Amino acid sequence: DPSIVKLRTADSDTAGTRVRVLGRVHRLRSQKDVIFLVLSDGYGYLQCVLTGDLIKTYDAMTLTLETSLAIHGEMHAVPPTKHAPNDRELHADFFTVIGCAPGDMEAINTRVAPNADPQTLYDNRHLVLRGETSSSVMKVRAATLRAFRSTFEANRILEVTPPAMVQTQVEGGSTLFAFDYYGETAYLTQSSQLYLETCLPSLGDVFCICPSFRAERSLTRRHLSEYTHIEAELDFITFQDLLDHLESVICNVIDLVTADSQVARYIKDLNPNFQPPARPFKRMKYSEAIDWLREHNIPNEDGNPHEFGDDIAEAAERKMTDILNEPIFLTYFPADLKAFYMKKDPEDRRVTESVDVLMPGVGEIVGASMRMDNWDELMEAYKKEDMNPAPYYWYTDQRKYGTSPHGGYGLGLERFLAWLCGRYTVRECCLYPRFTGRCTP
Ligand code: 4AD
Ligand code: MG
């Protein structure tokens, strides 16, 4: 019947009309004379009520979870006490099965099977994604990407797409994925930063949202082998400008994401205690963090009290962030702990104009710094790190052809989402997580 409206489950204001809805069985509750079936089509959920003759055609073997259907009927508004999604119900008078499903979804539904084996869940990620939690996280992820792009656009920062296949490292050689590139060694990029820096003279401030790759050996809840890296580079700025910019980008993105009532609802469901961070963010120097860790008896990786120069490892960092329980700008890391390209603080050349943004529950979500803009200093830095400067000629040239004070940052999207959505691990915050030992599906 062509007069029947084809409906998405999320479409509203359809009470009283006859509609046809296409989707899959998401939940099913069957009583003596009535079946309540929640249909899902990726846009939302719709409760369908099947009664009378329709139930006689119902066969438990065909109406299993994830079976796809076309259901015809009339839409009715229902009171909130009925707990129907969007307070609507479709009174079905006809349905056809499009594709049956084997009826084994309970095994990977963490609501029904909270102790499901993680490996089974990762093997079945393609089906786990159909669950309400995963699909909500993916929708918040899409909204977050939109919010970053629109924030960058409002700040006149231009999107570029640097290469993923490179012959230089950015964050140290130990986490490079190497491969054969027509007989030469090439790597999957760890960060697009160096390429972004080369765009400043021609394009002004730039950003990219690309995958970055890290051959991390350790299995932690915040490390992936492939993650989505949001990076930006800003020209003719000071370190203070960089800090102010970061704070305003993060707050603007949160404002935009939560301004959408549907997305705000997903966040509320996923992370009931989420509070948008208050400005200004706490600013703490690395040296102050070392003192704080000593005062709180939080040891370094060797089990000793922290000393200036020690790396603040993941465990200590997270403890500190959880106790302080607010975003922290951790600034001025020692040069010896940080990457070769970071500019030294002119007032104390032991440390760099660098900042990590730490969030409760996750720790570091952003790494940022001013860049070494002096040619001689950069050549020194290559030497100190035992790096061959030859493959970096194009990066070094930026200091030769009209150098400038500039800086930028990289934000791990999955870590940002783990904080925003209150997820235990970044693996829940991407479609198909890649980590040590896992490249399927
Ligand atoms: O601190 P990182 O290594 O800094 C850079 O790569 C800079 N070159 C970025 C820049 O200035 N343009 O990485 C930046 C962020 C981290 O703060 C973290 O959020 C994320 O990238 N990140 C990871 N996320 C998931 N899995 C991993 N293995 C990650 N490694 C870094
Ligand atoms: Mg870092």
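Predicted model: local features only at pLDDT ≥ 70, side-chain atom pairs only at ≥ 80, totals over all residues.
Local features are reported at pLDDT of at least 70 and side-chain atom pairs at pLDDT 80 or more, while totals for chains, interfaces and linings use all residues. Residues are numbered from 1 along each chain as its sequence is written, and chains are lettered from A and ligands numbered from 1 in the order in which they are written. Helices (H or I, at least four residues) and strands (E, at least two) are DSSP runs numbered from the N terminus.

**Annotated region**
- An unreviewed UniProt entry lists residues 138-433 as "domain: Aminoacyl-transfer RNA synthetases class-II family profile"; such annotations may be inferred rather than shown by experiment.
- Residues 138-433 are 34% helix and 23% strand, with the end C-alpha atoms 13 Å apart.

**The eight-stranded sheet**
- Eight strands form an open sheet with mixed pairing, in the order E7-E11-E12-E19-E18-E17-E14-E13; two strands pair if DSSP finds at least two bridges between them.
- Strands E7 (158-159) and E13 (282-285) each have a single partner strand, so one side of each is left without a neighbour in the sheet.
- Four bridges link strand E14 (residues 328-331) with strand E17 (residues 354-359) in the antiparallel sense, and Leu 330 stands opposite Asp 356 in E17.

**Helices on this sheet**
- Helix H5 (residues 193-203) lies across E7, E11 (206-213), E12 (226-235) and E19 (406-412), at about 35 degrees to E12. Axes are lines fitted to C-alpha atoms, for helices over the stretch in contact, and angles run from 0 to 180 degrees between N-to-C directions.
- Helix H12 (residues 413-420) packs on the sheet and touches E12, E17, E18 (363-370) and E19, its direction making about 60 degrees with that of E19. Residues are in contact if their C-beta atoms, placed from the backbone, lie within 7 Å.

**The H4 and H7 pair**
- Helix H4 (residues 132-154) packs against helix H7 (residues 261-270) at an angle of about 130 degrees, with the axes 9 Å apart.
- Thr 133, Ser 136, Val 137, Lys 139, Val 140 and Ala 143 in H4 meet Val 263, Tyr 266, Ile 267, Asp 269 and Leu 270 in H7.

**The three-stranded sheet**
- A further open sheet has the order E8-E10-E9 with antiparallel pairing; its edge strands, E8 (165-166) and E9 (177-181), each pair on one side only.
- Two bridges join E8 to E10 (residues 184-188), and Met 165 has Leu 188 in E10 as its bridge partner.

Terms used: Contact = placed C-beta atoms within 7 Å.
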